[in-house]
Amino acid sequence: MSRRIQGIGMTSRRTRERMISRLRQQGISDNKVLAVMADTPRHIFVDEALESRAYEDTALPIGHNQTISQPYIVAKMTELLLQSAVPTKVLEIGTGCGYQTAILAKLVSQVYTVERIAPLMKKARDTLWELNIKTVGFKHTDGGWGWPEHAPFEGILAAAAPAEVPEALLQQLAVGGVLVIPVGQEGKQYLHRIVRTDEGYLDEVIERVTFVPFLSGVTG
Ligand code: SAH
């Protein structure tokens with residue numbers, strides 16, 4: 001393992017373990033999720049200047065006006081996705097720096113991730129490669145379209161908040177599948193856990209959250 005991945009001081013395994021204790025105190029209880037977060041170096045997903053802050057419970061800038069989601073929200077969304085069963089195929093909307101992608105890739109067999117900002121996607125792909133995670137499919141697209149070629153998905157997780165749940169995501173969810181998504185205008189967003197059943201969709205509102213907006217179109 002490279003020295004950068006291994007980390008020292010504020011980026012060491014011990015700092016990561018303190019983050020895990022904090023997540024437990026905040027109510028995260030899925031041991032599978034906590035184990036992969038203990039095992040994944042979060043500091044390599046942010047700029048070197050911010051590495052020492054990577055394990056604080058906060059969102060950090062990753063460039064292009066975007067942020068890496070705070071550890072609590074990554075843990076919470078992953079836990080909600082895996083709550084009833086571990087999905088085999090998951091679609092992630094908003095790759096960002098790829099940290100959430102890495103956590104998912106260690107828990108489910110196939111992850112497809114889409115991002116509308118090309119340089120972020122490219123960097124995330126390089127970082128995952130550095131961590132030897134090679135099972136993820138990447139696409140530079142507007143996640144509002146989902147990824148129809150690989151549908152249906154047993155799990156879909158969105159890291160940006162639309163005003164309303166995009167129809168394509170509901171359609172691309174398998175029966176029995178789970179969609180975890182923040183919904184609402186800035187300053188008034190709630191995390192939803194939506195389950196597709198034979199008859200329709202069950203929509204559970206989880207808690208108030210703060211996410212970057214879900215934007216349409218792509219940028220180069
Ligand atoms: N889990 C990521 C979160 C990044 S922030 C991380 O921890 O790094 C959310 C990301 O969603 C941003 O990179 C943003 O560009 C992307 N995004 C916003 N709207 C999108 C859309 N319609 N399609 C694809 N990606 C989108």
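Modeller: β2 contributes three residues to the lining of the largest pocket, the most of any element. This is a predicted model, in which local features need pLDDT of at least 70, side-chain atom pairs count only at pLDDT 80 or more, and totals for chains, interfaces and linings use all residues. Residues are numbered from 1 along each chain as its sequence is written, and side-chain values use heavy atoms, without hydrogens and water.

Colleague: What makes a residue part of the lining of a pocket?

Modeller: A lining residue has an atom within 4 Å of a point of the pocket, which is an open set of points on a 1 Å grid over the protein atoms alone, where a 1.4 Å probe fits, with protein on both sides within 12 Å along at least five of seven lines. The largest pocket has 34 such residues, and Thr67, Ser69, Ala159, Ala160 and Val212 lie nearest its centre.

Colleague: How many residues of the lining of the largest pocket are nonpolar, polar and charged?

Modeller: The lining has 18 nonpolar, eleven polar and five charged residues. Ala, Val, Leu, Ile, Met, Phe, Trp, Tyr, Cys and Pro count as nonpolar, Asp, Glu, Lys and Arg as charged, and the others, Gly among them, as polar.

Colleague: Which element gives the most to the lining of the second largest pocket?

Modeller: That element is α6, with seven residues. The lining of this second largest pocket comprises nine nonpolar, three polar and seven charged residues.

Technical notes
Helices (H or I, at least four residues) and strands (E, at least two) are DSSP runs, numbered from the N terminus.
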